[in-house]
Amino acid sequence: MKVAVVGAGAIGAYVGAALHRAGADVHLIARGAHLAAMQENGVQVLSPRGDFTARVHATDDPSAIGHVDYVFLGLKANSYAACGPLVHPLLGEHTAIVAAQNGIPWWYFHGLEGPYKNRRIESVDPDGAVSAVLPPERAVGCVVYAATQLQGPGVVRHLEGTRFSIGEPDTTDSTRCEAFSEAMKAGGLKCPVEADIRNDIWIKLLGNIAFNPLSALSRATMAQICRHQDTRALVATMMRETLAVAEAVGCRPEISVEKRLAGAERVGDHKTSTLQDLESGKPMELDVLLAAVVELAALTGTPVPKLCAIHAVTDLLAQTVRSAA
């Protein structure tokens, strides 16, 4: 199995190191000091499950890799439309793209039976720009439950979790999912093939859609948001609105709002990725987390007043940050 990791940051390098340990032919695509460190010393993984080093091929030139069986996409979703030069040299006739993204993916309605089959979601695929680069028929859904961070160039700190749920957009069984799952498990990770990966998408989104924008607006950690009575109530309302949208598009994830809140509070004083991006001057990944759900609510006639209000304010925040940059 030949795998290229496009965007070999904390998650991508961690997955690449695990697949390499399982015997896959892995190639990491990165840049800068992180790339130089991986080229010289390999990927160093520091984990409560045991430290290890993977001597993986790393480069900034995908054309030197050639066609692969799988592209593992570790980029933020707001980079997808521009990632063609990194991805296209890797695509053979049967190459699958395993997109490890948060929020609503660009392929969400691809192959999904019902009134919205193959409909494009403008918020995440404006004018089809993402589909032109990442054809939906190549996509394998992936929901990441692992937490990692780059401790330094070439050094990945694995904090918790090893689960990477995957599944076909059209809900069918496939040999490409099964083969990738087996390789991930051989590398020490959990990688269940889900009958409908959309359930996992909505379960994870339930937290992201509330905590990520609210943390950017308040500069508060997840625990602080949970401990504040009014923001905790706001999170609960946003979650209930999100579940209503999920049901309107035919998905009924089995998760309670209170259970999701309790889990978030246990995470503690953790800054969400959106708050970290805001503080470091990076674009915030809110289109797939919030704007897409507001768009789906409008499509299905589902009232989501709190989601609309938070979307309006965070959209203005993003505009003011861009203007100040």
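These are my notebook entries on a predicted model.

**Ground rules.** I number residues from 1 along each chain as its sequence is written, and I leave hydrogens and water out, with side-chain values using heavy atoms. Since the model is predicted, local features need pLDDT of at least 70 and side-chain atom pairs count only at pLDDT 80 or more, while totals for chains, interfaces and linings use all residues.

I looked up UniProt, where an unreviewed entry places "domain: Ketopantoate reductase N-terminal" at residues 3–169. UniProt positions are in the numbering used here, feature names are shortened, and annotations may be inferred rather than shown by experiment. Over residues 3–169 I find 19% helix and 34% strand, with the end C-alpha atoms 20 Å apart. Helices (H or I, at least four residues) and strands (E, at least two) are DSSP runs, numbered from the N terminus.

**Sheet.** I traced an open sheet of 4 strands with mixed pairing, in the order S4-S3-S10-S9. Its edge strands, S4 (52–54) and S9 (147–152), each pair on one side only. Neighbouring strands are turned by 30° against each other on average, direction ignored. Strands count as paired if DSSP finds at least two bridges between them. S9 and S10 (residues 155–160) are antiparallel over 5 bridges; Thr-148 has His-158 in S10 as its bridge partner. Helix H1 (residues 10–21) lies across S3 (43–46), S4, S9 and S10, at about 100° to S9. Axes are lines fitted to C-alpha atoms, for helices over the stretch in contact (heavy atoms within 4.5 Å), and angles run from 0 to 180 degrees between N-to-C directions.

**Leu-91.** I located Leu-91 in strand S7 (residues 91–100). Leu-91 is buried at a relative accessible area of 14%; buried means under 20%, exposed over 50%, partly exposed in between (1.4 Å probe, protein chains only). Leaving aside neighbours within four places in sequence, Leu-91 contacts His-67, Val-71, Ile-97 and Arg-138.

**Asp-277.** I found Asp-277 in helix H10 (residues 273–279), buried at a relative accessible area of 7%. Not counting residues up to four places away in sequence, Asp-277 touches Lys-76, Lys-282 and Pro-283.

**Helix H9.** In H9 (residues 257–267) I noted Val-257, Leu-261 and Ala-264 as buried. They lie on the same side of H9 because they cover an arc of only 65° around the axis, taken from the directions from the helix axis to the C-beta atoms. The buried residues of H9 pack against H6 (198–218), H7 (222–227) and H8 (229–248). Exposed Lys-259 and Arg-266 sit on the face turned away from the buried side of H9. Gly-268 follows H9 with a positive phi, near 90°.
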